[in-house]
Amino acid sequence: MEERLSDDDVNVLMSSIRTGTPLAEARRQEFVVNTKALLANARSYNETCHHLADLCLEEVEKFDPAVRDDWKDGVVEEIQWWWTWINTLRRQGKLASWAHLRDRPFPFEDAVTQFPAGIALRCLNIGCGPRPDMGQQSAADIEFVHMDPLAPAYNKLMRFLNAPGGGDVVFGAVEFLGQMDLEPFDFIAAKNCLDHAYDVPRGLEQMISCLGKRGMISLGHYENEAEAQNYMGFHKWNIEVRDGRIRVWSKNASEVFDHESAGFRLEVVREDRRKASGQTHPFLDLTLIRGW
Ligand SMILES: C[S@@+](CC[C@H](N)C(=O)[O-])C[C@H]1O[C@@H](n2cnc3c(N)ncnc32)[C@H](O)[C@@H]1O
């Protein structure tokens, strides 16, 4: 494979992404393994990422025409990040493991016993990324909805890059869950996602609005991640716990969530975790529980 893509290659690549037509296996491997070749041809790579971002923004603006500009900029960066990560894992021979992420145990299995036996439960995995990694093995019958505002891009990208473990992500964002005609959920999980949203207080309110009377919301986030990331990309909001309550704050807003008035109890686990970058940072596991 040459280091630089020919014009012909660029056309094949672009048309495959645009139309969603998979490339022949041999052709796909040529494109996928050589990130350098893709990056060398900045026009094609950037154009492709912007095209995928536009697909998502078109959908988001149908629900919310007033979405913030800096969030829109973050969309392209997020797509680029996943594209690079997929290629890195493939080179390291680790990508195949994505096919088995959902075979692991359901992370909230202990809470399943809080619901009457024999009824079907529903779990929303919001902001799930291109390859939802929530374990789905449970003694209960659980319907999973994996949702992300970048679903139109992620599903295409995963198919195009022939990456396992995705392709079935449903479109939606925390800010407009209430407009999406969803049946109530028993579990809602947001991992490393709520602080990527453009209106976090509204997102939290919307999550609560689509939770059943008895249910739990799990928020798993690095503490004050926007500060740690210097407000780059999607990182515009911080999450922390102050005096036993969840506080969300950005450069020009700050809100404390009064969970007791909203009928919840809050469980907090704070522990140091190592990020993909190798750095250690406090991670907050926040569980809001209503009804038991
Ligand atoms: C760091 S990734 C985390 C993906 C996955 N939860 C995980 O832990 O692997 C952040 C995700 O949040 C999503 N996101 C950004 N804004 C969002 C919003 N307003 N509502 C829901 N998800 C959002 C992004 O598209 C991205 O897929």
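Helix α7 is followed by Asn162, whose phi is positive, near 55°. Helices here are DSSP runs of H or I with at least four residues, strands are runs of E with at least two, and both are numbered from the N terminus. The model is a predicted one, in which local features need pLDDT of at least 70 and side-chain atom pairs count only at pLDDT 80 or more, while totals for chains, interfaces and linings use all residues. Residues are numbered from 1 along each chain as its sequence is written.

Helix α7 itself spans residues 151-160 and is mostly covered, with nine of its 10 residues buried. A residue is called buried if 20 or more other C-beta atoms, placed from the backbone, lie within 10 Å of its own. Among the buried residues of α7 are Tyr154, Lys156, Leu157 and Phe160.

A welcoming place to look next is the sheet. Three strands form an open sheet in the order β6-β7-β8, with antiparallel pairing; two strands pair if DSSP finds at least two bridges between them. Because β6 (238-242) and β8 (254-257) stand at the edges, each with a single partner strand, one side of each is left without a neighbour in the sheet. Neighbouring strands of this sheet are turned by 25° against each other on average, direction ignored, with axes given by lines fitted to C-alpha atoms. Strand β7 (residues 245-249) is joined to β6 by five bridges, and Val241 has Ile246 in β7 as its bridge partner.

Finally, the ligand has 19 residues around it, of which Gly127, Gly129, Cys193, His196 and Ala197 come nearest; a residue counts as near if its C-beta atom, placed from the backbone, lies within 6 Å.

Conventions:
A residue is buried if 20 or more other C-beta atoms lie within 10 Å of its own, exposed if 12 or fewer, and partly exposed in between; C-beta atoms are placed from the backbone. Axes are lines fitted to C-alpha atoms, for helices over the stretch in contact, and angles run from 0 to 180 degrees between N-to-C directions.
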